[in-house]
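Subject: Handover of a structure and notes on its contents

Dear colleague,

Please find below the structure that I am handing over to you. My notes on it follow, and I would ask you to read them with the structure open.

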Amino acid sequence: MDPTTDNAGPSGGPGTARDSLEALRAEIAKAVVGQDPAVTGLVVALLCRGHVLLEGVPGVAKTLLVRALASALELDTKRVQFTPDLMPSDVTGSLVYDTRSAEFSFQPGPVFTNLLLADEINRTPPKTQSSLLEAMEERQVTVDGTPRPLPDPFLVAATQNPVEYEGTYPLPEAQLDRFLLKLTIPLPSRQDEIDVLTRHAEGFNPRDLHAAGVRPVAGPADLEAARAAVAKTTISPEITAYVVDICRATRESPSLTLGVSPRGATALLATARAWAWLTGRDYVIPDDVKALALPTLRHRVQLRPEAEMEGVTADSVINAILAHVPVPR
């Protein structure tokens, strides 16, 4: 039996975890215009217990998107503005001396939350960027030799400006590989931008999501039921081999100096599985793999300098590989 069928949403009415997660799009659309692919990517990451890197120029609602998601999922959220002088302890927490008890006590940092918004993560030096590595991989923070578990669910949604912007520190490959997905947030279309300005003219306040009508439509229980259902989604040996062939092709591409690692192949299999379940199937097809290939792999490859100078992009290389790798029938 599907573990989601007897699940109820936050209102207590009948419904399924899939229905609740599908309702997120409409709820977040009350605050954010035209970013359905990014919303879907964030939901996929939650289902896979992964993390998301959001890249786009300033002012395209990256921060608002994450805040709206937290409100619609009824999750605790904290925001950290990454700056050049931010210290690792500002993220993870530190030991504080209590003069009354004459003892040191641990003061948790903002990482102890369900959804951590790491704003402009590439504006802080690598030393502070790396403070998130243990939290993202092990879902714990070790301070003074004592590991402290993080709450579940836990997701890091990190925003970054394009690397050509001044004052940025590109994330190292080891850290990029910890992000399940890299989602690019484009500039809105003309009509979407008109809709944004119309909302603001009518009094929309991005700092007051409650007034905008954003309400919880799902919660941790829905996520847990959904994860159990995703784990039962069938993956055939042919699909597994297809994912491996795609990732191996990136390692042989003349345009790349760095291809996708086995961890990246595992990530692509997981995201395709979650997408298959979200679209209503209990088995994975090649189209699921193709749909998630770009956001799952684009940050795990590295272009050769000469290819970059010729205007080649990671997305164009991956698209070419998808066009040439034989699709299982």
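Two strands are said to pair if DSSP finds at least two bridges between them. Please also bear in mind that this is a predicted model.

With that term in hand, we may begin with the sheet. Strand β5 (residues 115–119) and strand β8 (residues 155–160) pair in the parallel sense, over 4 bridges. Within this pair, Leu-116 has Val-156 of β8 as its bridge partner. Both strands belong to an open sheet of 5 strands, whose order is β2-β5-β8-β1-β9 and whose pairing is parallel. The edges are formed by β2 (77–81) and β9 (181–184); each has a single partner strand, so one side of each is left without a neighbour in the sheet. On average, neighbouring strands of this sheet are turned by 20° against each other, direction ignored. Helix α3 (residues 62–73) packs on the sheet and touches β1 (52–55), β2, β5 and β8. The direction of α3 makes about 175° with that of β5.

Strand β6 (residues 140–143) and strand β7 (residues 146–149) run antiparallel and are joined by 4 bridges. Val-143 stands opposite Thr-146 in β7. Asp-144 counts as exposed because its relative accessibility is 63%, and the cut-off for exposed is over 50%.

Most residues other than glycine have a negative phi, and most peptide bonds are trans. Asp-144, a residue other than glycine, has a positive phi. Glu-74 is not a glycine either, yet its phi is positive, at about 55°; Glu-74 is found in the loop between α3 and β2. The peptide bond from Asp-152 to Pro-153 is cis, with omega near 5°, and Pro-153 lies in the loop between β7 and β8.

Next come the helices. Helix α1 (residues 17–28) packs with helix α11 (residues 262–278) at an angle of about 95°, and their axes are 10 Å apart. That makes α1 roughly perpendicular to α11, because angles of 65 to 115 degrees count as such. On the side of α1 the contact is made by Ala-17, Arg-18, Leu-21, Glu-22 and Arg-25, and on the side of α11 by Trp-275, Trp-277 and Leu-278. By class, this contact of α1 with α11 has 5 nonpolar, no polar and 3 charged residues.

Which residues of the largest nonpolar core touch the most other members? They are Leu-21, Leu-47, Trp-277 and Val-289, in a core of 74 residues. Residues up to four places away in sequence not counted, Val-289 touches Ile-239, Tyr-242, Val-243, Ile-246, Leu-268, Ala-272 and Val-284. A second, separate core has 23 residues, including Leu-53, Val-80, Val-156 and Phe-179.

Finally, Pro-37 lies in helix α2 (residues 36–47). Pro-37 counts as exposed at 63% relative accessibility. The C-alpha atoms of Pro-37 and Thr-184 are separated by 9.4 Å, although these residues are 147 residues apart along the chain.

A colleague

Technical notes: Residues numbered from 1 in each chain as written. Predicted model: local features only at pLDDT ≥ 70, side-chain atom pairs only at ≥ 80, totals over all residues. Heavy atoms only, no water. Axes fitted to C-alpha atoms, helices over the stretch in contact; angles between N-to-C directions. Helix = DSSP H or I, 4+ residues; strand = E, 2+ residues; numbered from the N terminus. Parallel < 35°, antiparallel > 145°, perpendicular 65-115°, else oblique. Contact = heavy atoms within 4.5 Å. Nonpolar A, V, L, I, M, F, W, Y, C, P; charged D, E, K, R; others polar. Buried < 20%, exposed > 50% of the residue type's maximum accessible area, 1.4 Å probe, protein only. Core = buried A, V, L, I, M, F, W, Y, C linked by side-chain atoms within 4.5 Å.
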